[in-house]
Structures are given as structure tokens and as C-alpha cells.
Amino acid sequence: MSDLVLLSKLANVGVITINNPPVNALSPGVPEGIVEGVATFNADPEVTAIVIIGGGRTFISGADIKEFGKITSGQKSDIGLADKIDLIEQSAKPVVMAIHGQALGGGLEVAMGGHYRVMDPAAKVGQPEVKLGIIPGAAGTQRLPRLAGVAKAMEMCWQGDPISAAEALQHGIVDAVSNGDLLTFAVEFAQGKPVRRVSDLPVAAADPAVSSAARAAAAKRARGLMAAQKAIDAVEAATRMTFAEGVAYERQLFEECLFDEQSKSMIHIFFGEREVAKIPFLAKDTPVLPIKSAAVIGAGTMGGGIAMNYLNAGIPVRLRETSQASLDRGVATITKNYAASVAKGRFTQAWMDSRLALLTPQLTWEGFDTADIIVEAVFENMALKKTIFAELDGIAKADCILATNTSTLDIDEIASATKRPHMVVGHHFFSPANVMRLLEIVRGKDTAPEVLATSMALAKTLRKVGVLVGNCFGFVGNRMFGPYRRVAEQLVIEGADPMAVDKALYDWGMAMGPLAVGDLAGLDVGWRIRQERGEVGSAPIEDALCEMGRYGQKTGAGWYKYDEKRNPAIDPVVTALIEQHRTGHREISAQEIIDRCVGALIDEGKKILEEGIALRPVDIDIIYVNGYGFPAHRGGPMWYGQVGR
Ligand code: T1G
């Protein structure tokens, strides 16, 4: 027996403990060890029941994703898990799965190979394969509908979101939630239980309404993602095939997804989100400063969202404004955001109250002298920011991190207003800051290593994806977005219809078209920046729209006109304006629109890499997938452009 799987006994129960830190992935040797353990205890006359439990912080978090490359490169024929789960299920003695942490993907599939499942109240279960561009590949699409019903199984397999212990119990995926020590509970639960094989359970008859509802929901939320639809196909097959036929069909669909470019792209993003946290030039033992209290300057849209990130992580926040009215507005927005989540059932009222109890709205600098981090989130004006940082210099304690949320301005110039530039860093959040996962960590020329290391650790604490970027205009994300949107406008000038430009990129997978994004963010933002940088004329149509006061959704009109529900419509005023600037009327294909706009992103990304503003191509991919609505199933601009592959 390898040390990946450990055997022990508690009275008459054989205990199999998986020991493959950090997440108990089903790496080679783990499934084999579990099967061997089940066989050993079946042959042990003293053992009347078996419990399988995860060692460390979790049950099994899935197949070893690193193994998939061996399948697509032909080194391995398949993940070889379904047959081992069948062997577990064939045990003559009852097998109880004890789940804490998470049972995800192959982890839940192994758990469903058990005869019973018990769960720690804080644990989660799920089939997140679709987030890797694949579907469950070890009979999950066949056992899950036998436990939870077809509709719930379809939802779990096409969405990929984990569910809580309470929800798993409610849907029959687990049989009990423990009320104390999980192993003790599982051992007691296993006493006297008959063998009950999930694969023997019946599946409800096919219901076309259920399938079509799932397909419609998946087409909307997982637009363009092949695996989401195939996950529904696989679960639906369970309603009309035998278990064995269903498993064979699932394997066919699994392989179709695994060998597709979409899955390779999404696995690139999965590992990329973890790679970007590794800063090659930072020594492994670089100190990470403790962040036990925070202070935010500015209670506007960004400041309020930033404050929520800290509150959600249980870190007390002092939120400072310059007037009671703006402070009250900021607190009201935070409260409204929490209340909306409570109404949707995402948070409990008690949790919301506990977050707000950590918030101290104020008009003074009180308590800023003890804060571990101060985040400036005021208006995008250099003089104002430098005034604030100069004032902070005289207030903040020596090891307080001074972070600015600027989205484009020079970090070094802001830092020059202090005598401690080594403590100054950019923390560029993306609106809405309490929702968007991306955090650009902008490194000034003097920013200290421990400030960078702490920023990276803090990103994880705030449940953000932190990406280190260099200090240049627009850093990485916004710097690339400029050329991308300029090409979109150029295509209109050459003859493309604005709606056609936006539709081409939306259909390709972007969350929004480039012109519609401008209307959403406000055309005046770019207009002001072009004026400040002497670039007026580089966007003639948007300059003209702004001169007409058409800033976008916030003024009810920009590239499009908007009704009260903000639905866009073509505006003849804009059509006439475009005609004044048009240099051509040629037919421009959707493919040309995609090639030139995405090409602009790739070209600027290459310059950014050459200048060292981004560490690796994958850093740019992670920024675009998590901050700019780039489709994960296309892997990010540099992956899509084959840069650095
Ligand atoms: N395989 C290989 N490595 C994994 C892994 C996995 N399934 N999950 C995590 N890691 C690595 C990760 O790259 C990182 O490595 C370290 O573990 C800590 O991870 C047959 C085919 C479980 C919620 O999709 O969602 O089963 O950077 O930093 O924040 O049908 O990891 O330290 O070198 O993310 O505590 C399905 C993927 C697989 C779950 C823990 N399972 N993992 O989050 O730690 S496909 C998943 C996660 C499958 C079956 C199919 C998270 C986590 P390094 P971490 P964390």
C-alpha cells in the first residue's frame, strides 16, 4: 500500500484515509490505493463496514488535472477512474464516504461510488468539470441523477458550481450531515447499513421540458461553451439508457470535450490563475506583512466596493469621506449591495450584519495611524492623489501599505509625494470591485518586495486573482483596451455598422462588444484621457460624441441611444455623425472584425511583454479573462494568439 492511501481500523470499521496533499487529487496511485483498501477490508472478517475519508483539509478535489495532457498526447488511454469506482461500489460490505472540505469532480464521483455519504456541515460537493471545458468522466452524469434527480444533476453538471452540505442533503446527494467529529459520525452511521448501490437506483423518465430549460439556461450563461451542452446530453442519456450504456456515452462526450481546444484553453486558465501568484524574482522567504485592519479613502463606487472586499474577508475597515452626504451615500450603497445578496439567498442577514459591524464610516483620519493598509480610491486626478499621499505620509505607521486604486496614473509620481515610496503600490480593482475577481498589483520602481508579497497574499484573502504588472500608462488591461477600442472605431469609419462590430465580438465570446463597453464605462473617461495626453483626434467619432454630451449610458446616449431600461438602439444622429467621418462603405466581415480587434489586443500584449510590464503571456491572459470579459474557453488573448505556447 502506498502512503497516498492509509488504512486503519476503528472497532469493526475499516478506515481508508486519502493522503495526497494539498487537495487529495486522484493522482496515480490514489484510486488504486482506495480499491486495494476496499478489497483488504472485504477480506478482513473483523471488518463489517468501511469508511473512506480525506486526510488534511479536504476529501477528494478531483482527478489530477495534470494527467489530462497524458491523455490528449496519447500517453494514456483515459483517466481510468470509472472502473475503479465500480469496484468500490461492488464492495460486499457497506462503504460510507465521509466528506469535509470539498468533494469535486472525480471526488464527488468517488463519493457516489460509495453506498452512503455523510458530510461536514461546512463542506461542499460539485461537478466543476465544465469550468475546465470538459464534463464528468467517471459516471458522475449517471449516478448524480440517480441521487438528486435529473434537473438538479443537469444544473450541477452544466453550471459546475459547488453546493453546500444542506443543499446536498436536501437533494439526496448525501445521507446525513455530521454534528461533531466527522470520522466518529461516519463510523457510527455505517453500523448495520445494508449495501445500497447508486447505479442500481432508478432514474426519472426523460422530461423534454427539463432538458430544454437546462439548454436554454446554459446557452445564456455558458455561451459558446461546448461542454455545458454536452454535460446536459450526458445526464439526459441517463433517462433513456442503462447505467452501462450511459457511462459509455458519457465517456464518448468526455473525450470529445477533452480533445477540443476549448478544454485546453480553460485548463490553461485554471493553472494560470495559480501561476500568476508566483513572482519569480521574489525570494520564497519574503516576509508577508499581517493585514488585520484596513482603511479606505473615498466612499464612491470603487471605494465602497473595495471596502466590501475587506469586510467580506472579516477585516475591519475605516471608510473616510470628505462630506457627510457622500459618506452616507457610500454606506447606503454598501448596505444595499449586501441586502441584495441576502435577498438572493447568497448571504444570511446575520452574516450581513456581522460585515457591517466591521465598517467604521468617518470624516476624520481617526484610526488611520494604526491601519495595516490604506487604500486610496478617490477621483482620477494626480494632484489630488499626491495631496492625499503626502498627508498619509504624516499619519500612517511605518509598516502600513499605502495602496492607490488608480486605473492609469503613474504610481511612481504618486509615491514621490511620500518619503516612503517603498511602501506604495497600486491595487487596481475592477468595477464592481466587490464582484470582479481581478486585481492588478502595480509595482512602482521602489515598491518593496514585502509589499508585493503581501499584496499577492492579500489578493487570495480577498478572493481576488492578483496579477503583478509594471508601471506604465494603463498598466496592462487598460493599456491593451485602448488599441482594441480604437480598431473598433476604425472599422466603423471604414464602413462597418457599430452594431455589427459589437455583435461580431459578442458572438465570438466577449462579454460585451467594444463600443457598447465604451457606452457602459462612459465615453468621457477616454475623452478626458486623450485630452490630457494630447491624443485628441485618435478617436474622432468618440470625440465628437463627447462634444455632443453623449457620454453613453449615463447620459442616455452614446454610440447608441438607451431607453429607461438601458436597452440600446441605433440613433440616426449617430448614423449621420458616422457618415461625416466615414472613409469607406465596404462590406466588412465578422471575421475581419474579430481578427483586427483581437489582433490589436495581441499586438499590444506583445509590446507589454517586451517592455517587461507583464511577467509572462499567461499573466495577460488571466487579466483579460478575469477583468475584461474575454472568453475563458479561448484561453486569453496571448494563448489565442499562440504567444508563448
Ligand atoms: N488536479 C491537480 N492539481 C490540483 C487540482 C486538481 N484537481 N486542484 C488543485 N490543484 C493544485 C493547484 O494547481 C495548486 O497547485 C494546489 O493544488 C492548491 O490548489 C474524473 C475529469 C480544490 C477548490 O476542477 O477548484 O475530476 O499552485 O491553490 O485555493 O470527472 O484547487 O500549489 O502548485 O486552488 O484551496 C475536477 C480544481 C477535476 C477542482 C482548492 N476538480 N481545484 O482551492 O487551493 S476534473 C476541479 C480547485 C475531474 C472527473 C473529472 C481548487 C480547490 P500549486 P489551490 P485552494
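User: In which helix is the place of Ser 265?

Analyst: Ser 265 lies in helix H12, residues 261-275. Helices here are DSSP runs of H or I with at least four residues, strands are runs of E with at least two, and both are numbered from the N terminus. This is a predicted model, where local features need pLDDT of at least 70, side-chain atom pairs count only at pLDDT 80 or more, and totals for chains, interfaces and linings use all residues. Residues are numbered from 1 along each chain as its sequence is written, and side-chain values use heavy atoms, leaving out hydrogens and water.

User: Why is Ser 265 called buried?

Analyst: Its relative accessible area is 1%. Buried means under 20%, exposed over 50%, and partly exposed in between (1.4 Å probe, protein chains only). So Ser 265 counts as buried.

User: What is Ser 265 in contact with, leaving aside neighbours within four places in sequence?

Analyst: Ala 632, His 633, Arg 634, Gly 635 and Trp 639. Contact means heavy atoms within 4.5 Å.

User: What makes strand E3 mostly covered?

Analyst: E3 spans residues 49-54, and six of its six residues are buried. Ala 49, Val 51 and Ile 53 point one way, while Ile 50, Ile 52 and Gly 54 point the other way.

User: How do you know that E2 and E3 pair?

Analyst: Pairing needs at least two bridges found by DSSP. E2 (residues 13-18) and E3 have six, in the parallel sense, so they pair. Val 13 has Ala 49 as its bridge partner in E3.

User: What about E3 and E4?

Analyst: They pair in the parallel sense over four bridges; E4 covers residues 95-99. Ile 50 stands opposite Val 95 in E4.
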